[in-house]
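Okay, thanks for coming, everyone. Let me put the model up and then we'll walk through it together.

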Amino acid sequence: MARLVFDIETSAQPLGNFDEVQQEYLLREAGKIPDESARAAKREEITRMFSLWPFTGHVVCVAMLNVES
């Protein structure tokens, strides 16, 4: 039986691509943190995850490999 391996590379859209309401929605968890430095760290963590979410990232490359050959 043939085995195929797929690799999908994604990239995050910049935060500036989203309007004010969308940014507020995406960063709402960071807004709940009272400490400014912790809030900034949470915002950074959220924006790093943008490439993994379907509405904030986009596919840049799809690769396929037939393991048998």
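So, which residues make the nonpolar surface patch of about 630 Å²? They're Leu4, Phe6, Ile8, Val59, Val62 and Met64. Before I go on, this is a predicted model, so local features need pLDDT of at least 70 and side-chain atom pairs count only at pLDDT 80 or more, while totals for chains, interfaces and linings use all residues. Residues are numbered from 1 along each chain as its sequence is written, and side-chain values use heavy atoms, with hydrogens and water left out.

Back to the patch. To get into one, a residue needs over 30% relative accessible area and no salt bridge; nonpolar side chains (Val, Leu, Ile, Met, Phe, Trp, Tyr) are joined within 5 Å, like charges within 9 Å. The areas are Shrake-Rupley with a 1.4 Å probe, and for residues only the protein chains shown count as cover. Strand S1 (4-12) and strand S2 (57-66) each supply at least two of the patch residues. Helices (H or I, at least four residues) and strands (E, at least two) are DSSP runs, numbered from the N terminus. Take Ile8, which sits in S1: Ile8 is exposed, at 53% relative accessible area. For the cut-offs, buried is under 20%, exposed is over 50%, and partly exposed is in between (1.4 Å probe, protein chains only).

Now the inside. In soluble globular proteins, nonpolar side chains tend to be buried together. Here the largest nonpolar core has seven residues: Leu15, Phe18, Leu26, Leu27, Ala30, Ile46 and Phe50. A core means buried Ala, Val, Leu, Ile, Met, Phe, Trp, Tyr and Cys residues joined through side-chain atoms within 4.5 Å. Leaving out residues up to four places away in sequence, Phe18 touches Gln13, Gln23, Leu26, Phe50, Phe55 and Thr56, where contact is heavy atoms within 4.5 Å.

How many salt bridges does a search of the whole structure find? Three, counting a side-chain nitrogen of Lys or Arg within 4 Å of a carboxyl oxygen of Asp or Glu. One pairs Glu68 with Arg3, closest N and O atoms 3.3 Å apart. Glu68 lies in the segment after S2 and Arg3 in the segment before S1, so this pair ties together parts 65 residues apart in sequence. Arg3 is exposed at 52%, whereas Glu68 is partly exposed at 47%. Then Glu36 and Arg39 meet at 2.6 Å, N to O; they're three residues apart in helix H3 (residues 36-48), so about one helical turn separates them. Glu29 and Lys32 also form a salt bridge, at 3.3 Å.
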